[in-house]
Amino acid sequence: MNTTALDWTMAVTVGGLFATGVNLMLQRSLTRVLLGFIILGHGTNLLLLAAGGHGDPLPQAMALTAIVITFGVTTFLLSLAYRSWRLSGHDEVRDDLEDRRLGTVGERDDAEPAAMPPGAGGHAYAGGADDTEDVDDVDDIDDVDSDDEAADGEGRAR
């Protein structure tokens with residue numbers, strides 16, 4: 001096998017490992033994030049060894065360092081996933097309500113203002129009084145969660 005075919009095979013393999021690792025790291029399950037990080041670490045090690053060749057000791061030392069760092073971060077992520085499993089019974093990452101609230105405000109700021117109807121009085125925005133209702137509804141989610149925690153299965157307060 002000639003070297004250009006080997007280089008292309010290595011490039012496709014490293015690219016596939018990186019793509020799979022990043023895809024898994026973007027999932028909501030901590031187990032998939034852990035597997036994505038491990039695959040991304042393997043892709044990095046393969047890239048370092050392929051770029052350095054066989055005679056140069058520096059890429060081998062960098063790959064060994066990357067292996068140690070990957071092992072340390074893997075054990076940390078594994079302990080986080082285990083703790084999440086023990087506390088909540090699943091390893092899914094929940095939505096951050098504050099982040100969602102800020103996201104809806106940001107989307108509103110990015111939206112173009114509505115066109116002014118004739119005789120609108122010179123206001124730059126012709127929205128109604130219910131324009132902030134979505135943001136207030138997200139704040140009410142906290143109240144619903146705390147009400148659910150305060151009531152038992154029959155709807156009575158503890």
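## Exercises on a predicted helical model

At 45% relative accessibility, L6 counts as partly exposed. Keep in mind throughout that the model is predicted.

**Exercise 1. Place L6 in the fold, and find how far its C-alpha atom lies from that of A50.**

Step 1. Start with the element: L6 belongs to helix α1.

Step 2. Check the exposure class. Buried means under 20% relative accessible area and exposed means over 50%, so the 45% of L6 makes this residue partly exposed.

Step 3. Now go along the chain to A50, which is 44 residues away from L6.

**Exercise 2. Describe the secondary structure of the protein and its share of buried residues.**

Step 1. Count the elements: there are five helices and zero strands.

Step 2. Read them in order from the N terminus, and you get α-α-α-α-α.

Step 3. Turn to burial. The protein has 158 residues, and 15% of them count as buried.

**Exercise 3. Characterise the largest pocket by volume, lining and contributing helices.**

Step 1. Take the volume: the largest pocket comes to about 310 Å³.

Step 2. Look at the lining, which is made of 13 residues. Closest to the pocket centre are D7, M10, L49, A50 and A51.

Step 3. Assign helices. Both α1 (3–25) and α2 (30–52) supply at least two residues each to this lining.

Step 4. Sort the lining by class: nine residues are nonpolar, three are polar and one is charged.

**Exercise 4. Find the salt bridge in the structure and describe its two partners.**

Step 1. Apply the cut-off. A side-chain nitrogen of Lys or Arg must be within 4 Å of a carboxyl oxygen of Asp or Glu. R101 and E98 form such a bridge, with their closest N and O atoms 2.7 Å apart. The structure holds one salt bridge.

Step 2. Locate the partners. Both R101 and E98 sit in helix α4 (residues 97–110), and their spacing of three residues is about one turn of the helix.

Step 3. Compare each value with the exposure limits. R101 has a relative accessible area of 22% and is therefore partly exposed. E98, at 39%, is partly exposed too.

**Exercise 5. Explore helix α3 through L64 and T65.**

Step 1. Begin with L64, which lies in helix α3 (residues 57–88). Its relative accessible area is 54%, so L64 is exposed.

Step 2. L64, I67 and V68 make a nonpolar patch of about 290 Å².

Step 3. Move on to T65, also found in helix α3. With a relative accessible area of 45%, T65 is partly exposed.

Step 4. Finish with a distance. T65 and N45 are 20 residues apart along the chain, and their C-alpha atoms are separated by 9.4 Å.

Definitions and conventions. Residues numbered from 1 in each chain as written. Predicted model: local features only at pLDDT ≥ 70, side-chain atom pairs only at ≥ 80, totals over all residues. Heavy atoms only, no water. 1 Å grid on protein atoms, 1.4 Å probe; cavity = no way out; pocket = protein on both sides within 12 Å on 5 of 7 lines; lining within 4 Å. Points joined across faces, edges and corners; volume = space filled by probe spheres on them. Helix = DSSP H or I, 4+ residues; strand = E, 2+ residues; numbered from the N terminus. Nonpolar A, V, L, I, M, F, W, Y, C, P; charged D, E, K, R; others polar. Patch = residues over 30% accessible without salt bridge, like charges linked within 9 Å, V, L, I, M, F, W, Y side chains within 5 Å. Areas by Shrake-Rupley, 256 points an atom, 1.4 Å probe, with all protein chains shown as cover. Buried < 20%, exposed > 50% of the residue type's maximum accessible area, 1.4 Å probe, protein only.
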